[in-house]
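Student: I have a model open on my screen and would like to learn how to read it. Could you take me through some features, one at a time?

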Amino acid sequence: MKHTIAIDLGGTVIKIGLLKNGQLIDRTEIKAQSASGLKPQLPELEKTIDKMLQTNQLSALEVLGIGFSFAGLVDSSKNRILSTNQKYDDGPDTDLVGWALEKWNWPLFAENDARMALLGEWQFGAGKDCRDLVMMTIGTGIGTGVLINGQLLKGKHFQAGNLGGHFTVNHEGSPCTCGGKGCVEAEASTWRLPSLLKEHPKFDNSAIKTEEVLDFKALFHHVGNNDLVAKEVLDHCLSVWSAGIITMIHAFDPEIIILSGGIMKSASVFLPVLQENVNKFAWTPWGKVKLVEARFPDSAALYGADYLVRSSAEKCKMNSYIENVIKPQL
Ligand SMILES: [Zn+2]
């Protein structure tokens, strides 16, 4: 059984993993310079991967390929980046497949990062034994992925299921980075949180004003201290996320919804509220959709990349068997 290399290209950090059959053997992180583009990151990535192979005493021949997660729209049939949103904007002009072939002679399989994380949780984590699930990661923005009957939902242009963070929850709402307005992430996400707090009429009287960074960690801290502004802003976020989750349920009919992201550290504070809203407002006559915490909030995409490389390599083998062995006999 060969190893796989997983790369998860985030906005601030690039995670690199070495896996073998669903086991994370080694991992490291490098700082991302997402504003300067994707191509300038490649030499550093090469160095890091080569060092990882060396540390683990592996040759390139012992690696099956690279699974590449990207925070944007990805054409996973051609393994190309289709569209970016203010990160790695030269992604669509970067030939990742050619890069991996030229450098190591490995195949590279690319996928949107939310779908890759979903694959990881489905195969090895909170979604095991499910065939219909939705995953939502609440971070700087909000990423979503959908699995229906054991297949990733992709759509005609590879964007189906990925834009749950851009479902409109307020048709007269705040402008979004996507060009729309009132999207889930434009109403409640890490990038929106500072302005949400500052727009609260009592912000100047709140202890949260003294925080250097207005993120969800700070918000939950002040909710714990019974701060009125923090509590009201959290209530607003929960109501926005509930609307997004219920829309996902109505659109995709999942059995469970896996929630992930840094905020899950405070899941005990807010998960029961989201579950209560789902129970109350989602139209699911068959029963209740369960909201569950991700098992690998920090590394699901690495596990997903391992699965994607192995299953794609298996498919390639099968296709070449059909082409070279079965078809000539017909
Ligand atoms: Zn949007």
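Student: Let's take Ile 14. Is Ile 14 buried or exposed?

Tutor: Keep in mind that this is a predicted model. The idea is to count neighbours: a residue is buried if 20 or more other C-beta atoms lie within 10 Å of its own. Ile 14 has 21 other C-beta atoms within 10 Å, so Ile 14 is buried. You will find Ile 14 in strand β2 (residues 13–20).

Student: Which residues is Ile 14 in contact with, leaving aside its neighbours within four places in sequence?

Tutor: The contacts of Ile 14 are Ile 7, Asp 8, Leu 9, Glu 29, Ile 30, Ala 32, Gln 41 and Leu 45.

Student: How do I read the faces of a helix?

Tutor: Start from the geometry: an α-helix has 3.6 residues a turn, so residues three or four places apart point the same way. Now look at helix α2 (residues 96–104), where the buried residues are Leu 96, Ala 100 and Trp 104. Seen down the axis of α2, these buried residues fall within an arc of 35°, so they line one face of the helix. Gly 98 and Glu 102 are exposed, on the face turned away from the buried side.

Student: What do the buried residues of α2 pack against?

Tutor: Their partners are β4 (63–70) and β7 (108–112). Look just after α2 as well, where Asn 105 has a positive phi of about 65°.

Student: How do I describe two helices that pack together?

Tutor: Begin with the angle and the distance between axes. Helix α7 (residues 228–252) packs against helix α8 (residues 267–281) at about 50°, and their axes are 9 Å apart. Angles under 35 degrees count as roughly parallel and 65 to 115 as roughly perpendicular, so α7 and α8 are oblique to each other. The crossing is right-handed.

Student: Which residues meet there?

Tutor: Among them, Trp 241 and Ile 245 are in α7, and Phe 270 and Leu 274 are in α8. The residues of this contact divide into 10 nonpolar, two polar and no charged.

Terms used:
Residues numbered from 1 in each chain as written. Predicted model: local features only at pLDDT ≥ 70, side-chain atom pairs only at ≥ 80, totals over all residues. Buried ≥ 20, exposed ≤ 12 C-beta atoms within 10 Å, placed from the backbone. Helix = DSSP H or I, 4+ residues; strand = E, 2+ residues; numbered from the N terminus. Arc of directions from axis to C-beta. Contact = placed C-beta atoms within 7 Å. Axes fitted to C-alpha atoms, helices over the stretch in contact; angles between N-to-C directions. Parallel < 35°, antiparallel > 145°, perpendicular 65-115°, else oblique. Left-handed = near helix turned anticlockwise from the far one by under 90°. Nonpolar A, V, L, I, M, F, W, Y, C, P; charged D, E, K, R; others polar.
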